[in-house]
Each structure stands twice: as C-alpha cells, then as structure tokens.
Amino acid sequence: MSSFAGRMKEYPTISLDRFDRENLHARAYFLSHCHKDHMKGLKGPALKRKLQFSRTVRLYCSFVTKELLLSSPRYAFWEEYTVPLELESPTQISLVEETTGEKEDLVVTLLSAGHCPGSVMFLFEGSQGTVLYTGDFRISAGDISRMEHLHSGSRVKDIQSIYLDSTFYDPRFYRIPTRETCLNGIMELVGNWISQSSYHVVWLNCKAAYGYEYLFTHLGKRFNTEVPHIHVNNLTMFKKMPDILSYLTTNRRTQIHACRHPRSEDFFPSSRLPCGCTAADGTPLRIISIKPSTIWFGERTKKTNVIIKTGASSFRACFSFHSSFSELKDFLSYLQPVNIHPSVIPIGQTLAEVTNMLKPLCRKQSEVYRYKPLGVLKRSVATQPTYGEANAHITTTGVLHVLVYRPPYGIAHKVATGSQTPELFSDGEEEESAVNEDNFSLTLSASLSNHSSQNQESELADTLVLQHENSGSECGNPRNNDNNVQTEQEAQSESQASSDFDIPSTPESKKPRPDELLPLYRKLAAAGEMFRSARCCLALTLKMSV
C-alpha cells in the first residue's frame, strides 16, 4: 500500500500518484498505474474544479493506463486533460505557473515497471538533477542493466534520488520466486485438476480488479480456454487491448474462473463459485481455489514450495507484483543514487526503520565524480586550483592527476535563493541535504531534452575529471568503465594544453643568441666546480676527524 505523499523534493511543482491536499496546487500530474492506492483524490471535486479553470495542467501516463482510467465513468472528465506518453521516449514538458507565468522545463521518460498492464516508472531530468520514481514495480535481478535510458553511453546516469517501491524491502522476503516459476506451478496444478473431468473446476481467488492478466493470458494459452470475469465492466477495461481481451469472457461455462464475489470470500462456501455457476445437468462441481499471495509466504518460518495446500480444497501460490528484498538491493546497488526515499512502509516496520536500512545503499556526494584521463606530464609541475578547489597527486613517475569539478547545473541558483522545498518535506533530512559547495559534483546527464542540450557544450570543458591509471580497475560497475580503454597516444592528443609537448612561445619573445648563452654556461660550470671542491673538502675533513 503506497504511503507516498505525492511530492518530490527535487521537483515540488509536480505530483505523482496522489491528487489531494497540497497536491491540488501542482502544475502537472503523473499516474504510474490504475490501482486505487495510487489514485487518491483523482476523482475529487476540488481537483475537477481546478481542471475546469486551468489551461495548462495535464495528467501524464502510459497509453494503457489512459484506456483503463477512462473506461470508468467516474474518471471520464479526465479525457481532455490526459496526455499519454510513449514508453522509452524522452519528452520535454513545460511546467507553467499560471498566475505568474513562471516556467520550468523538465524531461520525462516512461520505463516499464512490470507491475501490471500499463504500469510505468518515471525518470525525470532537469535543473535539480536526475530523479527516478518507481511507482509499484517488479524487476528481476540484472534487468536494470538493459534499460537504455538509465545509462549515458556505457555508464549509469548520475541519479540524485530514487523514490522506491519498498513493499518487500524486508529480509523476510529476501528471495521471491519469479512469476515464471510461480506460473509453472499454477499451470501444473490446474492441468492436473481440470483434466480429471469436466466437473473439476478451478477458481483463481484474485483480490484486485486487474493486475493478474499475466496469469490469465498464459493459462488461456496453455489450456486453450477463456478465463471469465463476472463483471462486464472489467471486460470493457480491455476493449482496446486485444491481446488480453481474447482470453477473457463472461461465459460461465468454463473450467477456470477468476470471478469475484461482491462480499468477502469468507461469506460463501468453497463448494460454490462466486458467480454462482453450476453444472448444466445438476452434477455438483469439484472446486479448488488458488489464492496468489506473497505476504503469507513471507510469514512462514520454514522454506516452502511455490504452491502450498492450506485446506481440503484450497491452495496458496507465491505470486508477487513487487520486487523482493534481494531484487531491490540489486537494483539500488547498480544505480547507486545519492538519496533513496521509500514510498511504501513494509508491514511491521516504521518509516525511520526502512529509511535507515536503505542508507547503506546510498552513494555519497563525494563519489559522484566521473573520471576521464586527460594526459600524462613528463615532469612534475604545480597547478593552481580551478573553480575554488583542486586535488593533485604526483606519483613517483612524475605523472600528475588533477580533479577539476564545479557545482552541478542549477546549484548556484539554489545556493543564492535557499531551498525551495516546501514545509511538507521537513522530515529531518535538512542536515543531510544542507548546501555544501565542497561536496557538489556534476549531475547533468545526456538526454534528448532540448533545454539540457543547450547547456552541455558550454559546461563540458569545466566538468572533466582525471582518473589515476590504477583507480579504474573495478569490474562489474559501468560507472567506472567510461573511458578505461584508451591508448596513450589518444590521451596525449586530448591533453596537449596541459602537457609540455609543443608548448607555444611567450608572446613577443625571441630565441637567445649563442653569445648571450655563453656567460650563462660559464656561470653554471663555475658553480659545478665550486660544488665539487666543497664536496672534496667535506670528505677530507670527515676523514681527518676519524
């Protein structure tokens, strides 16, 4: 159950998956998917009035989410205010304050969340850094490395904050079987049961109105049947999604049911289906129920199978729409954000507890640097700090390495005007997020946004950072693989200005004549002779004293 209040600290003028209270003042809205805990206030009269008098406020979501949303008459008024966005297609939007005309540009990219049909994550890129809002998501270990828009070239983008679906960030749910594993278990159980006779029926006891379509479609393909919903409106939701609709029906004469009872499951006997279907000839049906769940399995003290029999005719199947503890750790260890904000409080924990558990996976500000070799100097030289600070290390071979950085784009404005975070974010993190110019680093990333590309060329030369030859040897982290393969000749050609090859002459200078150099040579020779004489006298004195 989402506990996210709707606002992000970095971009407080937009609201995500929450549409009431302070979110009524947002300049734009984002809906990750159509589950009720992410739609609070979406049909409220206050928000409806705001839309009627606004010319710029819009709701952004995926195409599938738009179809599911507008299939309900209660949300029909959103039709002219909803803007569906393509998956994995960076889109620039303008956030306009209608009373003052103030405008802020933001690039948003939708990424598949794997939670339910139409569910997405939102990747935001703008003046306050790159931020990822996951909504509800299920991503298997390793899948994140294949998401192109979370990378810039061969490295992971600098992500300032992740607003995380932390539903199962609890060691009790360390490893949850993949949906494919659970699906295979359910299909085996269903197949063994319905193959006995036409009176053997399976009821899938699913708690949500939608979200189990992955299970329904695969069962339909496997057994060449249709899985009915009792409610016609549920079929209407999928009228523009033929791949799902083709496996759903209102026909009760089928051996696989996913119909829902208007009351709790405890109010009807297990010998009856919620839809009231019976055999045409009056023969009693042999019914088993399968309830997909995750929390129930997490409460087991011993290792269990994917399918567990819990009664004479009832079974539990471990089936999760949310990432497991180990999947979340893999996800966060790969992206290494500076901040992680839990959007869900796991059962039995507090917000403070889950936040502390996530802190070790956060990257420190000092680790944001990107390293790129600029070249090798033949001699040790002193350098002056650039932009207020520089760290230099001279090795025994006379190689100089300089770290040069400047605050990220937009930081100067933040320092001058103070934090723009509203009071609703005063959750005790002010001390951690205090402005410290010495710890800031580049957070701009390569995106397809128009506004960010205008500033890249002008700032590129000031944000390069050098890497020691032996410091980029870590494997498995694309954050350090940026320019590891580079020949010495390429490095030298990129850094002619910082080396001593082809040093240009000083303006208005001229080459000295031999007769001007002769006195200098004589002085040097005389100094050398004096040094040798002094050394001989010192040796003789030491010998006589012995």
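**View 1. Strands β7 and β8 of the predicted model pair in the antiparallel sense.** Strand β7 (residues 120–126) is joined to strand β8 (residues 129–133) by 5 bridges; strands count as paired if DSSP finds at least two bridges between them. Within this pair, E125 has T130 in β8 as its bridge partner. Helices (H or I, at least four residues) and strands (E, at least two) are DSSP runs, numbered from the N terminus. The model is predicted, and local features need pLDDT of at least 70, side-chain atom pairs count only at pLDDT 80 or more, and totals for chains, interfaces and linings use all residues. Residues are numbered from 1 along each chain as its sequence is written, and side-chain values use heavy atoms, with hydrogens and water left out.

**View 2. An open sheet of 6 strands contains β7 and β8.** The strand order is β5-β6-β7-β8-β11-β19, and the pairing is mixed. β5 (91–96) and β19 (339–342) are the edge strands, each pairing on one side only. From one strand to the next, the twist averages 25 degrees. Helix α8 (residues 325–335) lies across β8, β11 (159–164) and β19, at about 165 degrees to β11. Helix α9 (residues 351–358) lies across β11 and β19, at about 150 degrees to β19. Axes are lines fitted to C-alpha atoms, for helices over the stretch in contact (heavy atoms within 4.5 Å); angles run from 0 to 180 degrees between N-to-C directions.

**View 3. β5 and β6 form a hairpin.** The two strands pair in the antiparallel sense over 6 bridges, and L95 stands opposite E104 in β6. Between the strands are 6 residues, and G101 in the turn has a positive phi of about 80 degrees.

**View 4. A salt bridge joins the side chains of E97 and R27.** The N to O distance is 3.8 Å; a salt bridge is defined as a side-chain nitrogen of Lys or Arg within 4 Å of a carboxyl oxygen of Asp or Glu. E97 lies in the loop between β5 and β6 (103–112) and R27 in the loop between β1 (14–16) and β2, so the pair ties together parts that are 70 residues apart in sequence. The structure holds 7 salt bridges.

**View 5. The rings of F30 and Y60 form an aromatic pair.** The structure holds 18 aromatic pairs, for which ring centres of Phe, Tyr and Trp (its six-membered ring) must lie within 6.5 Å; planes under 30 degrees apart count as stacked, over 60 as edge-to-face and the rest as tilted. The centres of F30 and Y60 are 5.2 Å apart and their planes are at 25 degrees, so this pair is stacked. F30 in strand β2 (residues 28–30) and Y60 in strand β3 (residues 59–61) are 30 residues apart, and their pairing links distant parts of the chain.

**View 6. An open sheet of 5 strands has mixed pairing.** The order is β15-β12-β16-β18-β17, with β15 (256–257) and β17 (307–309) as edge strands that each pair on one side only. Strands β16 (residues 286–293) and β18 (residues 314–318) are parallel and share 5 bridges; I290 has F315 in β18 as its bridge partner. Helix α3 (residues 179–194) packs on the sheet and touches β12 (200–204), β15, β16, β17 and β18, its direction making about 175 degrees with that of β16.
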